Amino acid sequence: MPNQGGYLIGNLQPAHMDFRFFSLGNIWSVVSGLATRDQSNAILDLIDAKWSDLVADMPLKICYPALEGQEWQIITGSDPKNTPWSYHNAGSWPTLLWQLTVACIKMNRPEIAARAVDIAEKRISRDKWPEYYDTKKARFIGKQARLFQTWSIAGYLVAKLLLADPSAARMLVTDEDPELVNAFSCMISSNPRRKRGQKNSKKPFIV
C-alpha cells in the first residue's frame, strides 16, 4: 500500500474478505457515487501511486495481485486459462480504459486517464485490438485473446472522445446525494449502541 490512497475490498461472505484490488468494482464505486469523494480520490490516488503495477505497458489490470501457487490451484481449480497474470487472474483489459476515464473526469483528474490512453495508443492498434494482455507488466497479447475485439476498440475510442469533451461523461456518472448521506448520518448518530461505542473509536481509514 502506498502512503496515500486506498480501495474497497471484496466481501465474499461474512468474515471472508478478498484483499485484492478489483478494478471494475472500485472504478464503478467512483462513477456511481457509492464511494464518498474522499474514498473516490483515494482510489485514484492508489492507481496513480501503483501505476507500474496496475497500468504498466497496457491499461488496466482487472485485479491485482494474481492468485499464484496453491491459492491458484484451490480457487481456480488449476484453470489453464486463468494462470497467474492472465485473463481474469490479473490480466490487463483495454476495455477498462473508458471506465477509468469516466471516473477520472468525474473527480476532475483527467490527466490520469490521459496518461493511460497515451500508453494504450502506442501499441493497441499494432497489436490488432486484442481482448486482454498477459504477464505482470502486460507486455504480451493474451495467450487465448481474440483479436479485433469491439470492446477493446470501443474502450479506447470512448476514452479519447470523453477526454476531448469531458461534459459528455455527465450522462454516465452519479453524484453523491447529500440528503441521503445526511439521513444515514442521522440514523447512525441516533443509534444508542453506536454512541456507546464511540468513546474509544479511532478515525476510520480506507483499506
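**View 1. Side chain of S23 and the backbone oxygen of K61.** The side chain of S23 comes to 2.3 Å from the backbone oxygen of K61, a polar contact (N or O atoms within 3.5 Å, one able to donate a hydrogen and the other to accept it; residues adjacent in sequence count only if both atoms are side-chain atoms). The model is predicted: local features need pLDDT of at least 70, side-chain atom pairs count only at pLDDT 80 or more, and totals for chains, interfaces and linings use all residues. Residues are numbered from 1 along each chain as its sequence is written, and side-chain values use heavy atoms, with hydrogens and water left out. S23 belongs to helix α1 (residues 23-32); helices (H or I, at least four residues) and strands (E, at least two) are DSSP runs, numbered from the N terminus. S23 counts as buried because its relative accessibility is 0% (buried is under 20% relative accessible area, exposed over 50%, partly exposed in between; 1.4 Å probe, protein chains only). Beyond neighbours within four places in sequence, S23 is in contact (heavy atoms within 4.5 Å) with L60, K61, I62, C63 and L96.

**View 2. Aromatic pairs.** Rings of Phe, Tyr and Trp (its six-membered ring) pair if their centres lie within 6.5 Å; planes under 30 degrees apart are stacked, over 60 edge-to-face, and the rest tilted. The count by this rule is eight aromatic pairs. Y64 and W85 form a tilted pair, with 5.7 Å centre to centre and 50° between the planes. Y64 lies in strand β4 (residues 63-64) and W85 in the loop between α4 (69-76) and α5 (96-106), so the pair ties together parts 21 residues apart in sequence. W85 is buried, at 9% relative accessible area. One aromatic cluster is formed by Y87, W93, Y132 and W151.

**View 3. Second largest pocket.** A pocket is an open set of points on a 1 Å grid over the protein atoms alone, where a 1.4 Å probe fits, with protein on both sides within 12 Å along at least five of seven lines; lining residues have an atom within 4 Å of a point. The second largest pocket holds about 150 Å³ of space. Its lining consists of M1, P2, Y7, F19, R20, F21, L46, K50, L54, Y64 and P65. These residues divide into nine nonpolar, no polar and two charged.

**View 4. Surroundings of G10.** G10 is in strand β1 (residues 10-13). G10 is buried, with a relative accessible area of 17%. Residues up to four places away in sequence aside, G10 touches H16, M17 and D18.

Technical notes. Grid points are joined across faces, edges and corners, and a volume is the space filled by probe spheres set on the points. Ala, Val, Leu, Ile, Met, Phe, Trp, Tyr, Cys and Pro count as nonpolar, Asp, Glu, Lys and Arg as charged, and the others, Gly among them, as polar.
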